[in-house]
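I opened the notebook to look up a few things. First the strands, then the helices.

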Amino acid sequence: MSPYRYRCGRCRASSPPATTRAEAEAHRDYHRATVHGGLVPDGESIEPVRGEAARDPNARYVSGRAVLFGLGLLAAASVISRILGR
Ligand SMILES: [Zn+2]
């Protein structure tokens, strides 16, 4: 199975390679939420990674799992602030 990465044509930026398509989609969701305020940017894609970048996906970047964990923390924080703000 080859790794995937999310690419945003609008920012001309790529996510770190993710082991699975689901992890690449987590990068996509995170990028949409943080950079584009939840909107879907033009020219985005999820593409298989080949060659050098595919060799060690987690060596230079935060792993997809860490991103998922971060998203979970964000969700928890927003729930907590909603409860406290009542
Ligand atoms: Zn973007």
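Is strand 1 (residues 4-8) mostly covered or mostly uncovered? I found strand 1 mostly covered, with four of its five residues buried. Buried means 20 or more other C-beta atoms within 10 Å of the residue's own, the C-beta atoms being placed from the backbone.

A note on the source: this is a predicted model, where local features need pLDDT of at least 70, side-chain atom pairs count only at pLDDT 80 or more, and totals for chains, interfaces and linings use all residues. Residues are numbered from 1 along each chain as its sequence is written.

Next I looked up the partners of strand 1. Strands (E, at least two residues) and helices (H or I, at least four) are DSSP runs, numbered from the N terminus. Two strands pair if DSSP finds at least two bridges between them. Strand 1 runs antiparallel to strand 3 (residues 44-48), joined by five bridges. There Tyr6 stands opposite Ile46. Strand 1 also pairs with strand 2 (residues 13-14), antiparallel, over two bridges. Here Cys8 stands opposite Ala13. This hairpin has four residues between its strands, and Arg12 takes a positive phi near 55 degrees.

Then I turned to the helices. Helix 1 (residues 21-35) packs against helix 3 (residues 64-84) at about 45 degrees, axes 9 Å apart. Axes are lines fitted to C-alpha atoms over the stretch in contact, and angles run from 0 to 180 degrees between N-to-C directions. Which residues meet? Glu23, Ala26, His27 and Tyr30 in helix 1 meet Gly64, Val67, Leu68 and Leu71 in helix 3; contact means C-beta atoms, placed from the backbone, within 7 Å.

Conventions. Two residues are in contact if their C-beta atoms, placed from the backbone, lie within 7 Å. A residue is buried if 20 or more other C-beta atoms lie within 10 Å of its own, exposed if 12 or fewer, and partly exposed in between; C-beta atoms are placed from the backbone.
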